[in-house]
Amino acid sequence: MKHSRTFDVIIIGGGHAGTEAALASARAGAATLLLTHNIETIGQMSCNPAIGGIGKGHLVREIDALGGVMAHAADAAGIQFRTLNSSKGPAVRATRAQCDRNLYRAYVRQTVEGQANLAVFQASVDEILVSGDRVTGCRTAAGVIFEAPAVVLTAGTFLAGRIHVGEESTPGGRAGDAPAGALADNLRDMDFPVGRLKTGTPPRIDGKTVDFTRLSEQPGDDPRPVFSFDGSRDDHPPQVSCWITHTSERTHEIIRAALHRSPMYSGTIEGVGPRYCPSIEDKVVRFAERTSHQIFVEPEGLRTRELYPNGISTSLPFDVQVELVHSIAGFEQAFITRPGYAIEYDFFDPRGLHPHLETRRVRGLFFAGQINGTTGYEEAAAQGLVAGVNAARQVRGDTPWVPRRDQAYIGVMIDDLVTLGTLEPYRMFTSRAEYRLQLREDNADARLTPVGREMGLVGDPRWEAFSRRQERLAAERERLRAIWVSPANELGSDVAERLGIPVSKEVRALDLLKRPEVAYGGLMAVPGIGPGVDDERVALQLEIEVRYAGYLDRQEAEIHRRRINEAVEIPDDFDFSSVRGLSAEVSEKLAAVRPANVGQAARIPGLTPAAISLLLVHLKRHA
Ligand code: FAD
């Protein structure tokens with residue numbers, strides 16, 4: 001089949017990275033083509049049907065603030081919503097939505113198909129076409145050639161994917177999908193630094209064979225959180241509960257007795273698995289003293305009875321899976337609808353990427369998602385958005401956008417990946433961010449929507465809604481600043497009586513929010529101060545910004561100091577061995593990462609403050 005078409009940007013892969021990349025590229029003005037194995041699986045959740053959680057929820061809100069689809073899809077598909085860490089500080093509070101797998105996929109596909117500037121074609125890509133050191137397009141398995149000056153690869157777990165269930169091992173991209181073997185060979189031939197990682201998934205259970213009386217019910221939160229800044233509870237489908245059960249001592253005995261048949265322990269799997277999402281056999285070995293592990297039993301959707309038992313991911317042989325499932329409370333008679341499995345796949349050392357996610361080896365070729373060593377839909381989607389918008393910007397001749405560590409979790413993730421690389425599947429945690437208090441879920445729009453607008457990613461309705469919210473926030477801040485509460489006026493006695501706090505000296509109403517016992521809602525109940533704004537997001541943002549003003553200011557000063565180093569750029573072809581005084585070991589470390597600026601250089605393990613000073617002096621002298 002001979003045919004060729006030209007686009008500005010080609011995205012390979014219709015998973016979470018690929019769909020965000022395609023939408024961002026098209027919205028940024030590039031004629032974009034999304035090439036994927038199967039149009040039916042656009043937006044497919046390969047593993048558990050849930051979006052968000054600690055660290056991941058932050059990424060979703062950032063993607064949303066930048067005009068991405070993930071939060072809207074989670075609102076359209078979310079059948080149980082919770083705010084995790086709700087009793088903890090605002091920096092670590094995170095939204096999580098259990099989703100209907102089919103509704104999620106349908107929403108993403110509809111958004112992709114409805115996007116101007118974006119074409120979709122179903123094909124398996126076998127080869128990336130390169131001329132000299134530049135990408136020129138790609139070739140499909142059927143021989144169709146698509147040309148473009150920028151290509152974003154988001155092949156997920158498909159590159160040389162191999163599925164393991166006990167002693168059985170077969171090629172596969174995920175259950176039911178073929179792997180991308182030819183493309184994996186092509187990339188190995190291109191000399192990309194390839195490694196192997198692995199991940200796994202639990203067996204699925206038929207809900208009608210479960211004894212729910214032995215499980216404890218876990219309803220969603222009330223009031224229900226909403227994921228998108230533009231979303232509302234009206235977007236949500238009907239809500240259902242999740243359930244909790246536990247493994248038993250018998251489960252652990254069954255696993256221990258079968259370990260020699262596990263591909264992870266028999267040496268068949270070489271790839272390293274996700275430390276924070278271990279298989280049940282891993283948990284039983286690593287936490288040998290524990291007699292039980294919790295399992296969240298999550299519905300797969302509204303129109304299916306299939307359940308996802310979150311916590312028993314396994315690659316043990318199928319007969320062992322049956323036995324171990326039956327040893328779990330409520331699952332005594334459970335019927336497995338799909339076996340659990342592990343999958344091993346190729347990934348590329350992310351230190352081979354520029355911070356804007358273009359490969360150093362081939363100009364115009366960008367990598368995003370699981371192939372960069374991450375795990376998780378949210379991590380993939382966030383990288384996809386950055387790679388997609390930067391591919392479009394490169395084609396237009398614009399400078400790339402690199403989110404900073406103090407600006408976004410997306411910035412933290414990308415900086416970690418390109419600076420430190422990864423030896424195991426990387427997932428986001430709030431603890432990875434040094435400026436957590438700045439990077440909250442509630443203010444992701446203030447941090448990123450203006451940037452998204454500038455890059456063409458944020459349309460008029462979202463921009464207007466954002467601007468309105470910011471205006472209301474500023475107006476409410478000013479209004480409360482102007483109200484004085486004093487022991488001598490009526491407000492003072494009302495505040496004392498209604499909020500139970502003595503007012504001993506004159507204070508602004510705004511400053512009352514600094515007290516941990518005063519919530520915005522309570523303050524607004526005081527006549528003469530309320531009723532205030534009726535937008536709970538504005539109220540929350542104001543409350544947090546006032547309460548944590550001291551910490552935020554201190555962090556801001558630190559961020560400012562750090563930006564000075566970030567502003568000193570290091571040319572891409574810089575010869576680190578030319579810096580007088582740097583040891584050979586340090587200059588090798590620098591050459592391996594090729595940091596874009598001195599700030600990034602300072603984060604390379606083993607780079608001492610003295611080495612950074614030498615580098616700074618050299619760069620300034622030769623500027
Ligand atoms: P994917 O979602 O894998 O999408 C890749 C896309 O590229 C697919 O549409 C595919 O068809 C397409 N594609 C690939 N090659 C080609 C080609 N040559 N031509 C055309 N199209 C191509 N994450 C967690 O956070 N926790 C977990 O516990 C977890 N467990 C998992 C278990 C399993 C078994 C699997 C498969 C995944 C698991 N994940 C887990 C990972 C999660 O699914 C991924 O992180 C996420 O889907 C990555 O998104 P992506 O866009 O990078 O890739």
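Gly15 lies in the loop between strand 2 and helix 1 (helices are DSSP runs of H or I with at least four residues, strands are runs of E with at least two, and both are numbered from the N terminus). The model is predicted, so that local features need pLDDT of at least 70 and side-chain atom pairs count only at pLDDT 80 or more, whereas totals for chains, interfaces and linings use all residues. Residues are numbered from 1 along each chain as its sequence is written.

**Exercise 1.** State whether Gly14 and Gly15 are buried or exposed, and list what each of them touches.

*Solution.* Begin with the burial count, for which C-beta atoms are placed from the backbone and a residue is buried if 20 or more other C-beta atoms lie within 10 Å of its own, exposed if 12 or fewer, and partly exposed in between. Gly15 counts as buried because it has 31 C-beta neighbours inside 10 Å, and Gly14, found in the loop between strand 2 (9-12) and helix 1, is buried because it has 29.

Next take the contacts (C-beta atoms, placed from the backbone, within 7 Å). With residues up to four places away in sequence left out, Gly14 touches Thr19, Leu34, Thr36, Thr41 and Ile42; for Gly15, on the same terms, the partners are Gln44, Thr154, Gly156, Gly369 and Ala380.

**Exercise 2.** Characterise the packing of helix 2 against helix 11.

*Solution.* Helix 2 (residues 56-65) and helix 11 (residues 444-454) pack at an angle of about 35 degrees, and their axes are 8 Å apart (axes are lines fitted to C-alpha atoms over the stretch in contact, and angles run from 0 to 180 degrees between N-to-C directions). From helix 2 the contact draws on Arg61, Glu62 and Ala65, and from helix 11 on Ala444, Asp445, Arg447, Leu448, Thr449 and Gly452. These contact residues comprise 4 charged, 3 nonpolar and 2 polar.

**Exercise 3.** Where in the chain do Pro223, Pro531, Asp191 and Arg594 lie, and what is the backbone geometry there?

*Solution.* Most residues other than glycine have a negative phi, and most peptide bonds are trans. A cis peptide bond joins Asp222 and Pro223, with omega about 0 degrees, and Pro223 sits in the loop between strand 16 (216-218) and strand 17 (242-246). The bond from Gly530 to Pro531 is also cis, with omega near 10 degrees, and Pro531 belongs to the loop between helix 15 (520-524) and helix 16 (536-547).

Asp191, in the loop between helix 5 (181-189) and strand 14, has a positive phi of about 70 degrees and is exposed, with 9 other C-beta atoms within 10 Å. Arg594 has a positive phi of about 50 degrees, lies in the loop between helix 18 (584-593) and helix 19 (598-602), and counts as partly exposed because it has 19 C-beta neighbours inside 10 Å.

How values were computed:
Two residues are in contact if their C-beta atoms, placed from the backbone, lie within 7 Å. Ala, Val, Leu, Ile, Met, Phe, Trp, Tyr, Cys and Pro count as nonpolar, Asp, Glu, Lys and Arg as charged, and the others, Gly among them, as polar.
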